[in-house]
Amino acid sequence: MLGIPLGLITANAVEWVFHKHVLHDMGRDRKSFWAFHWHDHHRSVRKNGFLDEDYRHPPLTWNAQTKEVAALVAGAAAVTPLMPVAPFFVGTLYYCAWNYYRVHKKSHLDPEWAREHLPWHYDHHMGPNPNANWCVTRPWFDHVMGTREPMENRRPA
């Protein structure tokens with residue numbers, strides 16, 4: 001049962017590291033597979049007040065949403081060999097991958113919901129510093145790493 005809290009902590013750490021170092025650092029290079037995040041997702045969200053229209057459609061075309069799903073499935077597949085020795089850990093990581101997609105999609109289809117339930121993610125996209133607030137599901141590792149920067153005046157007038 002120790003695998004459950006370890007899985008939650010691991011997933012949040014991976015979320016932080018992957019978002020910062022892969023999606024942003026590597027993703028700034030237009031030739032990178034990861035460029036979709038910075039050049040498509042961030043641009044769309046800033047342009048449309050946090051809304052990302054790609055999430056309105058099933059992930060059947062090769063766009064930012066589909067690449068996100070592919071990365072989550074690949075991550076889940078990578079930990080599957082651990083299932084016989086750490087079933088609760090792997091099961092928790094599977095849950096976290098599903099939850100990440102669910103929460104991320106919901107946030108970019110309902111900006112008001114995101115503003116209320118994921119303010120750290122809203123701040124990442126709409127705040128003045130896109131190089132902060134790396135976590136999506138929970139801000140734990142942003143607090144641990146000192147990268148949580150709350151945006152002033154997040155609420156509309």
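Analyst: Happy to! For residue classes, Ala, Val, Leu, Ile, Met, Phe, Trp, Tyr, Cys and Pro count as nonpolar, Asp, Glu, Lys and Arg as charged, and the others, Gly among them, as polar. With those classes, the lining of the largest pocket has 18 nonpolar, nine polar and three charged residues. This is a predicted model, where local features need pLDDT of at least 70 and side-chain atom pairs pLDDT 80 or more, while totals for chains, interfaces and linings use all residues. Numbering runs from 1 along each chain as its sequence is written, and side-chain values use heavy atoms, without hydrogens and water.

The largest pocket has a volume of about 600 Å³ (the space filled by probe spheres set on grid points joined across faces, edges and corners). A pocket here is an open set of points on a 1 Å grid over the protein atoms alone, where a 1.4 Å probe fits, with protein on both sides within 12 Å along at least five of seven lines; lining residues have an atom within 4 Å of a point. Among the 30 lining residues, Ala11, Val14, Glu15, Leu72 and Ala97 are the closest to the centre of the pocket. Two or more lining residues come from each of helices H1 (3-25), H2 (35-47), H3 (64-79) and H4 (87-109), with H1 giving the most, nine.

As for the setting, the protein has seven helices and zero strands (DSSP runs, H or I of at least four residues for helices and E of at least two for strands, numbered from the N terminus). Its C-alpha atoms fill a box of roughly 50 × 35 × 25 Å along the principal axes.
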